[in-house]
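Thanks for coming. I'll keep this short and go through one structure, region by region.

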Amino acid sequence: MKRTMNDITTDIMTQQMNMEMALNPEEFDVQIKELFTELYKKEDGIYWLYQNNEKKIEMVDEHITKCKKIKKMLHNGNERVKQLVIQTHRELKTMPKNSEFNPLKIRKSNGSVEVIDENDIPNEYWVTVEVKKLDKKRILNELKEGIEIPGVRLLKKDFIGGFR
């Protein structure tokens, strides 16, 4: 039966707590070494699993990219078909004939702005957009220096290196 990392860790911690009660220190050392060997083998498996998942993630990303290209191609094709209908009926000066299978209608939009040259547009048509954004780098540096800043705190998390 394969044991979980938690099982192995629990056994190591239990063994270490019972160290004083061990009758034979050599037997204790052997048991601890065996448990740590099992733990290290488990970590080897975790590293393999992580690398395997990374490769799968790359494959999924590639698939997503391909799917996005296909979606864009299909969307562009649909747009060309719509323009074909508009162009055909514009040239014929007709409208699509509706039926149970054809609900198509050609209508005028409410309008949109086509910008020809922004430099020619008068100033009164421009708006100033102001963006307020936290300077997290500055906050981080000041928190590391020991400065207290209301509304934030320095957060340090454990992380594991070596997977890449």
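**Starting from a tyrosine**

Tyr 40 has a relative accessible area of 44%, so the residue counts as partly exposed. Before I go on, a caution: what you are looking at is a predicted model.

What does a search of the whole structure find in the way of aromatic pairs? One pair turns up. A pair of aromatic rings is described by the distance of the centres and the angle of the planes. Here the ring centres of Phe 36 and Tyr 40 are 5.9 Å apart and the planes stand at 45 degrees, so the pair is classed as tilted. A stacked pair would need planes under 30 degrees apart, and an edge-to-face pair planes over 60. Both residues belong to helix α2, which covers residues 25–92, and they sit four residues apart, about one turn of the helix. Phe 36 is also partly exposed, at 24% relative accessibility.

**How α1 and α2 pack**

Phe 36 brings us to the next topic, as this residue is among those in α2 that meet α1. Two packed helices are described by the angle between their axes and the distance between the axes. For α1 and α2 the angle is about 155 degrees and the axes are 10 Å apart. The cut-off for roughly antiparallel is over 145 degrees, and α1 and α2 are therefore roughly antiparallel to each other. Their crossing is left-handed.

Which residues meet across the two helices? On the α1 side they include Met 5, Ile 8, Ile 12 and Gln 15. On the α2 side they include Phe 28, Gln 31, Leu 35, Leu 39 and Ile 46.

**Gln 15, from the α1 side**

Gln 15 lies in α1, which runs over residues 5–17. Is Gln 15 buried or exposed? Its relative accessibility is 18%, so Gln 15 counts as buried; the limit for that class is under 20%. Setting aside residues up to four places away in sequence, Gln 15 touches Phe 28, Gln 31, Ile 32 and Leu 35. With Gln 31 there is also a polar contact between the two side chains, at 2.4 Å.

**Glu 38, from the α2 side**

Glu 38 is placed in helix α2 and is partly exposed, because its relative accessibility is 27%. Apart from neighbours within four places in sequence, Glu 38 is in contact with Arg 3 and Ile 8.

Glu 79 is in α2 and is partly exposed, with a relative accessible area of 30%. Glu 79 and Gln 15 are 64 residues apart in sequence and 70 Å apart in space. Asp 29, also placed in α2, is partly exposed at 40%. Asp 29 and Asp 135 are 106 residues apart in sequence and 52 Å apart in space.

Technical notes: Residues are numbered from 1 along each chain as its sequence is written. This is a predicted model: local features need pLDDT of at least 70, side-chain atom pairs count only at pLDDT 80 or more; totals for chains, interfaces and linings use all residues. Side-chain values use heavy atoms; hydrogens and water are left out. Buried means under 20% relative accessible area, exposed over 50%, partly exposed in between (1.4 Å probe, protein chains only). A polar contact is a pair of N or O atoms within 3.5 Å; within protein, one must be able to donate a hydrogen and the other to accept it, and residues adjacent in sequence count only if both atoms are side-chain atoms. Contact means heavy atoms within 4.5 Å. Rings of Phe, Tyr and Trp (its six-membered ring) pair if their centres lie within 6.5 Å; planes under 30 degrees apart count as stacked, over 60 as edge-to-face and the rest as tilted. Axes are lines fitted to C-alpha atoms, for helices over the stretch in contact, and angles run from 0 to 180 degrees between N-to-C directions. Angles under 35 degrees count as roughly parallel, over 145 as roughly antiparallel, 65 to 115 as roughly perpendicular and the rest as oblique. A crossing is left-handed if the near helix is turned anticlockwise from the far one by less than a right angle, and right-handed if clockwise.
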